[in-house]
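Please keep the sequence and the structure in view while reading.

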Amino acid sequence: PPGREADLVNGAALYKAACVYCHGEQGTGGEGGGKAISSSLRTEGIFGVLSTGRATMPSFGTSMTAEQLHDVASYLMLDLLKN
């Protein structure tokens, strides 16, 4: 959500709990067959994909709050995919 500073520690914990099986520790793909997460997506784009899902990826919009989605998206862009 606009105006709220992301909690990157929470984002990392949520990523490890919900995303790492499919997308791997570094976001390059995991055992679950998820694609590598593209660093070309802006935080808002990742937020949208997390919220609504894409292809075989489920929507997390009903299982995570907007704040949690923001934390995961920010963790991806500001930490995991920064290189």
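A disulfide is a pair of cysteine sulfur atoms within 2.5 Å. By this criterion, the structure holds zero disulfides. The model is a predicted one, in which local features need pLDDT of at least 70 and side-chain atom pairs count only at pLDDT 80 or more, while totals for chains, interfaces and linings use all residues. Residues are numbered from 1 along each chain as its sequence is written, and side-chain values use heavy atoms, with hydrogens and water left out.

C19 counts as buried because its relative accessibility is 6%, whereas C22, at 30%, counts as partly exposed.

The interior comes next. A nonpolar core is a set of buried Ala, Val, Leu, Ile, Met, Phe, Trp, Tyr and Cys residues joined through side-chain atoms within 4.5 Å. The largest such core has 18 residues, and those with the most contacts inside it are Y15, I46, L76 and L81. Helices α1 (8-18), α3 (43-52) and α4 (66-80) each supply at least two residues of this core; helices here are DSSP runs (H or I, at least four residues), strands are runs of E of at least two, and both are numbered from the N terminus. The greatest contribution to the core is that of α4, with seven residues.

Which residues does L76 contact, leaving aside its neighbours within four places in sequence? With contact meaning heavy atoms within 4.5 Å, L76 is in contact with Y15, I37, I46, L81 and K82.

The buried residues of α3 are I46, V49, L50 and S51, and they pack against α4. After α3 comes G53, whose phi is positive, near 80°. A55 also has a positive phi, of about 50°, although it is not a glycine. As a rule, most residues other than glycine have a negative phi. A55 lies in the loop between α3 and α4 and is exposed, because its relative accessible area is 81%.

The surface also forms a pocket. On a 1 Å grid over the protein atoms alone, a pocket is an open set of points where a 1.4 Å probe fits, with protein on both sides within 12 Å along at least five of seven lines; its lining residues have an atom within 4 Å of a point. The largest pocket has a volume of about 530 Å³, a volume being the space filled by probe spheres set on the points, which are joined across faces, edges and corners. Its lining comprises 22 residues, of which H23, K35, V49, R54 and M57 lie nearest the centre. The elements giving two or more residues to this lining are α2 and α3, and α3 gives the most, with three. The lining divides into 14 nonpolar, six polar and two charged residues; Ala, Val, Leu, Ile, Met, Phe, Trp, Tyr, Cys and Pro count as nonpolar, Asp, Glu, Lys and Arg as charged, and the others, Gly among them, as polar.

H23, which belongs to this lining, lies in helix α2 (residues 20-23). It counts as buried because its relative accessibility is 14%. Apart from neighbours within four places in sequence, H23 is in contact with Y15, T28, G29, G30, G34, K35, I37 and M57.

G3 lies in the segment before α1 and counts as exposed because its relative accessibility is 89%. G3 and D71 are 68 residues apart in sequence and 13 Å apart in space, C-alpha to C-alpha. S63 is located in the loop between α3 and α4 and, at 53% relative accessibility, likewise counts as exposed. From S63 to E5 there are 58 residues in sequence and 21 Å in space, C-alpha to C-alpha.

Key: Buried < 20%, exposed > 50% of the residue type's maximum accessible area, 1.4 Å probe, protein only.
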